Amino acid sequence: MVLPPPGAERLDVFMARANAQYYATHPLLSDFITAPEISQVFGELLGAWAAMVWVSMGRPCPVILAEAGPGRGTLMADALRVITRQVPAFAQALDVHLVETSPLMRAAQAKALAPYAQPIWHDAVEDLPPGPIILLANEFLDALPIRQFINSREQGWQERFVQNGAFCLVPSAAPALPDGRMLEENSVVEVCEPALAVARLLGERFRTTPGAALFLDYGHFSTLTGDSLQALRHAQPAEPLQAAGDADLTAHVDFTAFAAAARQAGAKICGAVTQGAFLRDLGLMERTEQLALHATASDAAMLRRGAQRLAAPEKMGHLFRVLAVTSPALPTPPGFMKGPAA
(Lines give C-alpha, C1' and ligand atoms only; values in the text may rest on other atoms or scores of the structure.)
Protein backbone atom coordinates (compact mmCIF):
# COMPACT_ATOMS: atom_id res chain seq x y z
CA MET A 1 0.00 0.00 0.00
CA VAL A 2 1.38 3.40 -1.02
CA LEU A 3 0.79 6.18 1.46
CA PRO A 4 -0.11 9.67 0.22
CA PRO A 5 2.35 12.52 0.77
CA PRO A 6 2.21 14.22 4.19
CA GLY A 7 -0.70 16.67 4.41
CA ALA A 8 -2.44 15.34 1.30
CA GLU A 9 -6.19 14.68 1.35
CA ARG A 10 -8.16 12.38 -0.89
CA LEU A 11 -10.33 14.53 -3.17
CA ASP A 12 -13.65 13.37 -1.68
CA VAL A 13 -12.41 14.17 1.84
CA PHE A 14 -11.27 17.62 0.69
CA MET A 15 -14.58 18.26 -1.07
CA ALA A 16 -16.71 17.17 1.89
CA ARG A 17 -14.73 19.33 4.31
CA ALA A 18 -14.81 22.37 2.02
CA ASN A 19 -18.56 22.15 1.39
CA ALA A 20 -19.34 21.64 5.06
CA GLN A 21 -17.46 24.85 5.85
CA TYR A 22 -19.11 26.71 2.96
CA TYR A 23 -22.69 25.80 3.89
CA ALA A 24 -22.10 26.56 7.55
CA THR A 25 -20.77 30.07 6.92
CA HIS A 26 -22.44 31.47 3.79
CA PRO A 27 -25.93 32.93 3.27
CA LEU A 28 -28.51 30.52 1.91
CA LEU A 29 -28.09 29.87 -1.83
CA SER A 30 -26.03 33.06 -2.19
CA ASP A 31 -23.94 31.85 -5.15
CA PHE A 32 -26.53 30.03 -7.26
CA ILE A 33 -30.25 29.70 -7.88
CA THR A 34 -32.10 26.40 -8.04
CA ALA A 35 -35.20 25.44 -10.04
CA PRO A 36 -37.71 25.90 -7.17
CA GLU A 37 -36.52 29.50 -6.77
CA ILE A 38 -36.89 30.17 -10.50
CA SER A 39 -40.58 29.26 -10.69
CA GLN A 40 -43.23 28.08 -8.24
CA VAL A 41 -44.49 25.77 -11.00
CA PHE A 42 -41.47 23.50 -10.50
CA GLY A 43 -42.44 22.56 -6.95
CA GLU A 44 -46.11 22.39 -7.84
CA LEU A 45 -45.44 19.87 -10.60
CA LEU A 46 -43.32 17.73 -8.30
CA GLY A 47 -46.10 17.83 -5.71
CA ALA A 48 -48.58 16.65 -8.34
CA TRP A 49 -46.09 13.95 -9.40
CA ALA A 50 -45.82 12.73 -5.80
CA ALA A 51 -49.61 12.64 -5.47
CA MET A 52 -50.00 10.54 -8.62
CA VAL A 53 -47.28 8.16 -7.45
CA TRP A 54 -49.02 7.86 -4.05
CA VAL A 55 -52.23 6.82 -5.80
CA SER A 56 -50.31 4.24 -7.87
CA MET A 57 -48.84 2.86 -4.63
CA GLY A 58 -52.36 2.09 -3.37
CA ARG A 59 -52.75 5.24 -1.23
CA PRO A 60 -50.71 4.01 1.77
CA CYS A 61 -51.42 5.73 5.09
CA PRO A 62 -49.20 6.80 6.67
CA VAL A 63 -46.65 7.59 3.98
CA ILE A 64 -43.35 9.46 4.15
CA LEU A 65 -42.91 12.44 1.81
CA ALA A 66 -39.21 13.21 2.00
CA GLU A 67 -36.81 15.62 0.36
CA ALA A 68 -33.03 15.34 0.24
CA GLY A 69 -31.20 18.65 0.04
CA PRO A 70 -34.30 20.83 0.49
CA GLY A 71 -32.60 24.24 0.29
CA ARG A 72 -34.83 26.97 1.70
CA GLY A 73 -37.82 24.65 1.71
CA THR A 74 -39.34 26.31 -1.34
CA LEU A 75 -39.85 23.13 -3.36
CA MET A 76 -41.57 21.27 -0.52
CA ALA A 77 -43.73 24.28 0.35
CA ASP A 78 -44.93 24.61 -3.25
CA ALA A 79 -45.53 20.85 -3.43
CA LEU A 80 -47.51 20.77 -0.18
CA ARG A 81 -49.64 23.73 -1.23
CA VAL A 82 -50.80 21.83 -4.31
CA ILE A 83 -51.22 18.55 -2.43
CA THR A 84 -53.29 20.20 0.31
CA ARG A 85 -55.61 21.83 -2.21
CA GLN A 86 -55.92 19.09 -4.79
CA VAL A 87 -55.37 15.79 -2.96
CA PRO A 88 -56.37 16.36 0.70
CA ALA A 89 -56.34 12.62 1.45
CA PHE A 90 -52.65 12.53 0.54
CA ALA A 91 -51.99 15.61 2.68
CA GLN A 92 -53.58 13.89 5.66
CA ALA A 93 -51.66 10.65 5.10
CA LEU A 94 -48.16 12.08 4.70
CA ASP A 95 -45.42 12.89 7.17
CA VAL A 96 -42.73 15.29 5.94
CA HIS A 97 -39.09 14.29 6.44
CA LEU A 98 -36.11 16.36 5.31
CA VAL A 99 -32.49 15.28 4.81
CA GLU A 100 -30.49 18.34 5.83
CA THR A 101 -27.46 18.92 8.05
CA SER A 102 -27.14 22.73 8.00
CA PRO A 103 -28.73 24.55 10.98
CA LEU A 104 -29.17 27.65 8.78
CA MET A 105 -31.06 25.64 6.17
CA ARG A 106 -33.18 23.84 8.77
CA ALA A 107 -34.34 27.15 10.21
CA ALA A 108 -35.33 28.42 6.76
CA GLN A 109 -37.14 25.17 5.98
CA ALA A 110 -39.11 25.26 9.23
CA LYS A 111 -40.30 28.77 8.40
CA ALA A 112 -41.24 27.91 4.81
CA LEU A 113 -43.18 24.79 5.77
CA ALA A 114 -44.91 26.19 8.88
CA PRO A 115 -48.28 26.67 7.10
CA TYR A 116 -48.32 23.04 5.93
CA ALA A 117 -46.29 20.68 8.11
CA GLN A 118 -43.88 20.21 10.95
CA PRO A 119 -40.98 18.42 9.28
CA ILE A 120 -38.69 15.88 10.87
CA TRP A 121 -35.02 16.32 9.98
CA HIS A 122 -32.35 13.70 9.33
CA ASP A 123 -28.64 13.93 8.62
CA ALA A 124 -28.62 11.30 5.86
CA VAL A 125 -30.92 9.37 3.54
CA GLU A 126 -30.17 6.16 5.46
CA ASP A 127 -31.68 7.77 8.58
CA LEU A 128 -35.16 8.03 7.03
CA PRO A 129 -37.60 5.75 8.92
CA PRO A 130 -39.04 2.56 7.42
CA GLY A 131 -42.34 2.45 5.58
CA PRO A 132 -43.82 3.54 2.24
CA ILE A 133 -41.94 6.59 0.97
CA ILE A 134 -41.80 9.13 -1.85
CA LEU A 135 -38.46 10.94 -1.98
CA LEU A 136 -37.74 14.12 -3.94
CA ALA A 137 -34.14 15.22 -4.55
CA ASN A 138 -33.33 18.29 -6.66
CA GLU A 139 -29.63 19.17 -6.97
CA PHE A 140 -28.75 16.80 -4.15
CA LEU A 141 -26.42 14.31 -5.81
CA ASP A 142 -24.19 16.94 -7.44
CA ALA A 143 -22.86 18.17 -4.09
CA LEU A 144 -21.85 14.71 -2.85
CA PRO A 145 -18.06 14.29 -2.80
CA ILE A 146 -16.30 12.45 -5.61
CA ARG A 147 -13.05 10.58 -6.09
CA GLN A 148 -11.00 10.99 -9.27
CA PHE A 149 -8.73 8.42 -10.92
CA ILE A 150 -6.40 8.53 -13.91
CA ASN A 151 -4.97 5.57 -15.83
CA SER A 152 -1.82 5.81 -17.90
CA ARG A 153 0.19 3.14 -19.70
CA GLU A 154 3.35 4.19 -17.86
CA GLN A 155 2.04 4.68 -14.33
CA GLY A 156 -1.11 2.52 -14.20
CA TRP A 157 -4.00 3.65 -12.04
CA GLN A 158 -3.47 6.66 -9.80
CA GLU A 159 -5.87 8.61 -7.58
CA ARG A 160 -5.98 12.37 -7.23
CA PHE A 161 -5.23 13.81 -3.81
CA VAL A 162 -5.12 17.49 -2.82
CA GLN A 163 -1.98 18.96 -1.27
CA ASN A 164 -1.33 22.68 -0.73
CA GLY A 165 -4.06 23.71 -3.16
CA ALA A 166 -2.93 21.46 -6.01
CA PHE A 167 -3.46 17.90 -7.19
CA CYS A 168 -0.98 15.15 -6.52
CA LEU A 169 -1.24 11.53 -7.69
CA VAL A 170 -1.07 8.40 -5.55
CA PRO A 171 -0.92 4.86 -7.01
CA SER A 172 -4.22 3.03 -6.57
CA ALA A 173 -6.36 0.12 -7.67
CA ALA A 174 -8.69 0.57 -10.65
CA PRO A 175 -11.98 2.31 -9.76
CA ALA A 176 -15.13 0.18 -9.61
CA LEU A 177 -18.21 1.41 -11.50
CA PRO A 178 -21.40 -0.69 -11.33
CA ASP A 179 -22.24 -0.32 -15.03
CA GLY A 180 -19.07 -2.08 -16.16
CA ARG A 181 -18.02 0.52 -18.75
CA MET A 182 -14.66 0.42 -20.48
CA LEU A 183 -12.29 2.97 -18.96
CA GLU A 184 -9.97 4.64 -21.47
CA GLU A 185 -6.38 5.55 -20.79
CA ASN A 186 -5.40 9.10 -19.82
CA SER A 187 -8.92 10.19 -18.94
CA VAL A 188 -10.22 11.26 -15.55
CA VAL A 189 -12.71 8.78 -14.09
CA GLU A 190 -15.00 10.10 -11.35
CA VAL A 191 -16.64 7.89 -8.73
CA CYS A 192 -19.21 9.28 -6.29
CA GLU A 193 -19.32 6.65 -3.58
CA PRO A 194 -21.99 8.41 -1.44
CA ALA A 195 -24.34 8.60 -4.46
CA LEU A 196 -23.82 4.91 -5.24
CA ALA A 197 -24.52 4.11 -1.57
CA VAL A 198 -27.83 6.02 -1.78
CA ALA A 199 -28.73 4.13 -4.97
CA ARG A 200 -28.05 0.77 -3.36
CA LEU A 201 -29.91 1.74 -0.18
CA LEU A 202 -33.02 2.73 -2.15
CA GLY A 203 -32.81 -0.36 -4.35
CA GLU A 204 -32.73 -2.63 -1.33
CA ARG A 205 -35.52 -0.70 0.38
CA PHE A 206 -37.82 -0.63 -2.63
CA ARG A 207 -37.34 -4.34 -3.23
CA THR A 208 -39.52 -5.03 -0.16
CA THR A 209 -41.29 -1.73 0.63
CA PRO A 210 -43.42 0.46 -1.68
CA GLY A 211 -41.47 3.54 -2.66
CA ALA A 212 -40.33 5.94 -5.34
CA ALA A 213 -37.50 8.46 -5.51
CA LEU A 214 -37.12 11.28 -8.03
CA PHE A 215 -33.70 12.77 -8.76
CA LEU A 216 -33.22 15.97 -10.79
CA ASP A 217 -29.67 17.16 -11.32
CA TYR A 218 -27.14 18.26 -13.89
CA GLY A 219 -25.14 15.39 -15.24
CA HIS A 220 -24.98 12.76 -17.96
CA PHE A 221 -26.69 9.47 -18.80
CA SER A 222 -23.90 7.88 -20.80
CA THR A 223 -20.50 6.27 -20.31
CA LEU A 224 -18.67 9.58 -20.48
CA THR A 225 -15.62 10.14 -18.33
CA GLY A 226 -13.75 13.34 -17.60
CA ASP A 227 -13.09 15.98 -14.97
CA SER A 228 -16.33 17.76 -13.99
CA LEU A 229 -15.31 19.21 -10.62
CA GLN A 230 -16.34 22.86 -10.46
CA ALA A 231 -16.78 25.71 -7.99
CA LEU A 232 -18.96 28.79 -7.68
CA ARG A 233 -17.81 31.72 -5.56
CA HIS A 234 -19.69 35.04 -5.48
CA ALA A 235 -21.90 33.60 -8.26
CA GLN A 236 -18.85 33.24 -10.56
CA PRO A 237 -16.81 30.17 -11.59
CA ALA A 238 -13.77 29.68 -9.39
CA GLU A 239 -10.78 27.36 -9.18
CA PRO A 240 -12.06 24.48 -6.98
CA LEU A 241 -8.80 23.75 -5.16
CA GLN A 242 -8.14 27.42 -4.41
CA ALA A 243 -11.62 28.23 -3.09
CA ALA A 244 -12.00 25.63 -0.34
CA GLY A 245 -14.61 26.68 2.19
CA ASP A 246 -15.49 29.85 0.28
CA ALA A 247 -17.20 28.26 -2.74
CA ASP A 248 -19.84 25.66 -3.56
CA LEU A 249 -18.05 22.58 -4.95
CA THR A 250 -20.03 20.25 -7.23
CA ALA A 251 -19.55 17.64 -9.96
CA HIS A 252 -21.74 16.30 -12.74
CA VAL A 253 -23.92 13.39 -11.70
CA ASP A 254 -23.11 10.04 -13.32
CA PHE A 255 -26.70 8.84 -13.77
CA THR A 256 -25.50 5.72 -15.61
CA ALA A 257 -23.58 4.45 -12.59
CA PHE A 258 -26.33 5.58 -10.19
CA ALA A 259 -29.03 3.75 -12.17
CA ALA A 260 -26.95 0.59 -12.44
CA ALA A 261 -26.31 0.47 -8.69
CA ALA A 262 -30.01 0.93 -7.85
CA ARG A 263 -31.09 -1.65 -10.44
CA GLN A 264 -28.59 -4.21 -9.19
CA ALA A 265 -29.94 -3.74 -5.67
CA GLY A 266 -33.48 -4.56 -6.80
CA ALA A 267 -35.17 -1.34 -7.92
CA LYS A 268 -36.90 -0.36 -11.15
CA ILE A 269 -35.29 2.53 -13.06
CA CYS A 270 -37.12 5.08 -15.20
CA GLY A 271 -35.03 7.54 -17.22
CA ALA A 272 -32.85 9.41 -17.20
CA VAL A 273 -34.77 11.89 -19.36
CA THR A 274 -34.02 15.54 -19.91
CA GLN A 275 -35.54 17.98 -17.44
CA GLY A 276 -37.19 19.89 -20.27
CA ALA A 277 -39.02 16.81 -21.55
CA PHE A 278 -39.99 15.75 -18.03
CA LEU A 279 -41.44 19.11 -16.99
CA ARG A 280 -43.25 19.63 -20.29
CA ASP A 281 -44.86 16.19 -19.94
CA LEU A 282 -46.07 17.17 -16.46
CA GLY A 283 -47.66 20.37 -17.79
CA LEU A 284 -45.06 23.08 -17.19
CA MET A 285 -46.26 25.38 -19.95
CA GLU A 286 -49.96 24.85 -19.29
CA ARG A 287 -49.63 25.60 -15.57
CA THR A 288 -47.44 28.61 -16.30
CA GLU A 289 -50.05 30.07 -18.65
CA GLN A 290 -52.78 29.37 -16.11
CA LEU A 291 -50.91 31.43 -13.53
CA ALA A 292 -49.97 34.12 -16.06
CA LEU A 293 -53.64 34.74 -16.93
CA HIS A 294 -54.27 35.96 -13.39
CA ALA A 295 -50.97 37.81 -12.89
CA THR A 296 -49.81 41.32 -13.62
CA ALA A 297 -47.99 41.86 -16.91
CA SER A 298 -44.60 41.90 -15.20
CA ASP A 299 -45.34 38.79 -13.12
CA ALA A 300 -46.68 36.96 -16.17
CA ALA A 301 -43.49 37.76 -18.07
CA MET A 302 -41.42 36.52 -15.12
CA LEU A 303 -43.40 33.25 -15.02
CA ARG A 304 -42.85 32.66 -18.73
CA ARG A 305 -39.13 33.45 -18.47
CA GLY A 306 -38.86 31.02 -15.59
CA ALA A 307 -40.56 28.24 -17.55
CA GLN A 308 -38.21 28.80 -20.49
CA ARG A 309 -35.18 28.75 -18.23
CA LEU A 310 -36.27 25.42 -16.72
CA ALA A 311 -37.12 23.70 -20.00
CA ALA A 312 -35.28 25.32 -22.92
CA PRO A 313 -32.55 23.07 -24.38
CA GLU A 314 -29.97 25.88 -24.33
CA LYS A 315 -30.64 26.55 -20.62
CA MET A 316 -31.51 23.95 -17.96
CA GLY A 317 -33.70 21.80 -20.20
CA HIS A 318 -30.93 19.55 -21.55
CA LEU A 319 -28.18 20.10 -18.99
CA PHE A 320 -30.37 18.68 -16.21
CA ARG A 321 -31.52 15.06 -16.18
CA VAL A 322 -34.35 13.36 -14.30
CA LEU A 323 -34.31 9.77 -13.06
CA ALA A 324 -36.83 7.81 -10.99
CA VAL A 325 -36.03 4.83 -8.77
CA THR A 326 -39.12 2.84 -7.79
CA SER A 327 -40.37 -0.44 -6.40
CA PRO A 328 -40.41 -3.04 -9.21
CA ALA A 329 -44.19 -3.52 -9.01
CA LEU A 330 -45.08 0.16 -9.44
CA PRO A 331 -46.19 1.38 -12.86
CA THR A 332 -43.97 3.79 -14.76
CA PRO A 333 -44.54 7.19 -13.13
CA PRO A 334 -45.60 10.37 -14.94
CA GLY A 335 -42.92 12.07 -16.98
CA PHE A 336 -41.25 8.84 -18.07
CA MET A 337 -43.90 7.29 -20.30
CA LYS A 338 -41.88 8.11 -23.45
CA GLY A 339 -38.53 7.01 -22.09
CA PRO A 340 -37.01 3.60 -21.27
CA ALA A 341 -37.87 1.84 -18.03
CA ALA A 342 -36.06 -1.19 -16.65
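Predicted model: local features only at pLDDT ≥ 70, side-chain atom pairs only at ≥ 80, totals over all residues.
User: What about Pro62: which residue is joined to it by a cis peptide bond?

Analyst: Pro62 is in the loop between helix H3 (40-56) and strand S2 (63-68). Omega is about 5 degrees for its cis bond. The partner in that bond is Cys61.

User: The loop between H3 and S2 also holds Arg59. What is its phi?

Analyst: Arg59 has a relative accessible area of 48%, so it falls in the partly exposed class. Its phi is positive, in a residue other than glycine. The value is near 55 degrees.

User: Now Glu139, is it buried or exposed?

Analyst: Glu139 is in the loop between strand S5 (133-138) and strand S6 (147-152). It isn't a glycine, yet its phi is positive, at about 50 degrees. The cut-off for the buried class is under 20% relative accessible area. Since Glu139 has 19% relative accessibility, it counts as buried.

User: How many residues of helix H8 (residues 255-264) are buried?

Analyst: The buried ones include Phe255, Phe258 and Ala262. They pack against helix H7 (193-208), strand S10 (211-220), strand S14 (253-254), strand S15 (268-274) and strand S16 (320-326). H8 is largely enclosed by the rest of the structure because, of its 10 residues, the buried ones number eight.

User: Which residue caps the N-terminal end of H8?

Analyst: Look for a side-chain oxygen placed 3.3 Å from the backbone nitrogen of Thr256. The residue that supplies this oxygen is Asp254.

User: And just after H8, which residue takes a positive phi?

Analyst: The phi in question is about 120 degrees. The residue just after H8 that adopts it is Gly266.

User: Which side chain makes a polar contact with the side chain of Ser187?

Analyst: Ser187 is in the loop between strand S8 (166-171) and strand S9 (188-191), and with a relative accessible area of 12% it is buried. Leaving out residues up to four places away in sequence, it touches Phe149, Ile150, Asn151 and Thr225. The polar contact, at 3.4 Å, is with the side chain of Thr225.

User: Gln158 is in strand S7 (residues 156-163). What is its relative accessibility?

Analyst: Setting aside neighbours within four places in sequence, Gln158 is in contact with Gln148, Phe149, Ile150, Leu169, Val170, Pro171 and Ser172. It counts as buried, with a relative accessibility of 12%.

User: What separation do the C-alpha atoms of Gly306 and Gln40 have?

Analyst: Gly306 is in helix H11 (residues 297-311), and it's buried, at 5% relative accessible area. Along the chain, Gly306 and Gln40 are 266 residues apart. The separation of their C-alpha atoms, though, is 9.0 Å.

User: Zooming out, what is the radius of gyration of the protein?

Analyst: The protein has 12 helices and 16 strands. For 342 residues, the globule rule gives 20 Å, and the protein comes close to that, so it is as compact as a globular protein of that length. Its own radius of gyration is 20 Å.

User: Last one: what share of the contacts between residues at least 6 apart in sequence join residues at least 24 apart?

Analyst: For some background, 55% of the 342 residues count as buried. Among those contacts, the share joining residues at least 24 apart is 77%.

Key: Residues numbered from 1 in each chain as written. Heavy atoms only, no water. Helix = DSSP H or I, 4+ residues; strand = E, 2+ residues; numbered from the N terminus. Rg over C-alpha atoms; globule rule 2.2 N^0.38 Å. Buried < 20%, exposed > 50% of the residue type's maximum accessible area, 1.4 Å probe, protein only. Contact = heavy atoms within 4.5 Å. Polar contact = N/O pair within 3.5 Å; in protein donor to acceptor, adjacent residues only side chain to side chain.
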